[in-house]
Amino acid sequence: MVYVLLVVGFVLLIKGADFFVDGSSNIARLLQVPPILIGLTIVSFGTSSPEATVSIIAAFGGNADVAVGNVVGSNIFNISVVVGLAAFVFPLKVQSETIKKEIPFTLLASIVMFVLISDMALHGFGSNLLTRSDGIILLLFLAIFMYYVIEVGLKSRKNAAPNPEYLDIKWGKNIVITLVGLAAIIFGGDLVVDNGTKIAYSLGMSETLVGLTIIAIGTSLPELVTSIAAAMKKESEIALGNIVGSNIFNILFVLGATSTITPIAVDSKIFIDVVIMIVLTLVLLVFARTGFRIGKREGLLLAVSYVGYLVYIIMRN
């Protein structure tokens with residue numbers, strides 16, 4: 001039965017992503033804003049909801065390794081596998097604003113997280129902890145990012161000319177399609193995570209390893225199927241914006257909200273994974289600057305790098 005529910009979860013994820021991309025891209029057209037802004041906000045926030053749910057529940061349950069490992073593992077998976085496979089399906093165009101501001105902001109969020117969890121190294125404390133004040137700092141960074149996105153959206157609407165091709169697009173229909181798709185993604189992701197975790201524990205995997213692999217991959221499946229579906233529909237701005245926005249939301253919102261609710265103890269093992277996350281973000285920034293696109297070759301390199309990472313953490317744990 002566990003395996004049947006796992007398959008049902010995958011089916012819901014795939015079909016939900018199809019609806020979600022169609023609905024959200026049409027909403028972008030109706031709002032007269034660039035699709036990447038929808039990817040950075042509505043799509044990324046929606047696909048990050050499984051990470052938020054899992055991390056908050058894990059923190060309340062005292063499973064800090066799962067909470068932090070889930071976010072770090074998800075971000076590594078997003079940059080390497082999700083961007084990699086989406087670019088391999090269809091090369092992703094990169095807008096100059098994405099290079100100048102959004103991807104560097106992802107890098108900034110990663111570095112801020114690294115500094116906030118380095119209590120033993122920077123302050124000489126007996127343990128590393130994400131405190132409530134750390135959580136508030138992360139949420140303040142999120143507020144700055146959202147202010148920037150809203151400003152860009154308002155500016156683009158002001159400069160946009162009405163497009164007669166969009167007259168046939170209906171608000172109600174596309175809102176329903178988007179919500180139905182999001183619901184299917186979240187429910188499907190929940191089925192995959194729950195049943196995948198049961199299988200992993202039955203195979204004797206540790207809590208930290210489960211957080212960095214099964215749960216991280218499971219909660220990143222919405223980003224994966226959404227970005228690949230967007231790439232196949234040649235909505236590369238939504239595909240890339242989804243990943244960049246999701247990684248920002250994972251750090252600033254998921255960890256920010258979780259540690260504000262309850263302080264999170266941080267395992268020293270996770271620091272290497274955070275460094276890997278920062279390095280991969282730098283690599284994404286470099287790839288994005290080569291011809292303003294992430295092509296099949298770059299995509300393949302990113303995807304292969306995750307295989308190496310998986311081998312490393314399985315041997316480490």
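This is a predicted model: local features need pLDDT of at least 70, side-chain atom pairs count only at pLDDT 80 or more; totals for chains, interfaces and linings use all residues.
View 1. The unreviewed UniProt entry carries the annotation "transmembrane region" for several stretches, including residues 72-92, 135-154 and 299-315. Over residues 72-92 the chain is 86% helix and 5% strand. The end C-alpha atoms of residues 72-92 are 24 Å apart. Residues 135-154 are 100% helix and 0% strand, and the end C-alpha atoms of residues 135-154 are 29 Å apart.

View 2. Ser80 is part of helix α3, which runs over residues 64-89. Ser80 counts as buried because its relative accessibility is 0%, and buried means under 20%. Leaving aside residues up to four places away in sequence, Ser80 touches Leu280, Leu302, Ala303, Ser305 and Tyr306.

View 3. Val4 lies in helix α1, residues 2-31. The relative accessibility of Val4 is 49%, so Val4 counts as partly exposed; the exposed class needs over 50%.

**View 4. Ile215 and Val54.** Ile215 belongs to helix α8, which covers residues 207-232. With a relative accessibility of 6%, Ile215 counts as buried. In sequence, Ile215 and Val54 are 161 residues apart. In space, the C-alpha atoms of Ile215 and Val54 are 8.3 Å apart.

Methods:
Residues are numbered from 1 along each chain as its sequence is written. Side-chain values use heavy atoms; hydrogens and water are left out. UniProt positions are given in the numbering used here, feature names are shortened, and annotations may be inferred rather than shown by experiment. Helices (H or I, at least four residues) and strands (E, at least two) are DSSP runs, numbered from the N terminus. Buried means under 20% relative accessible area, exposed over 50%, partly exposed in between (1.4 Å probe, protein chains only). Contact means heavy atoms within 4.5 Å.
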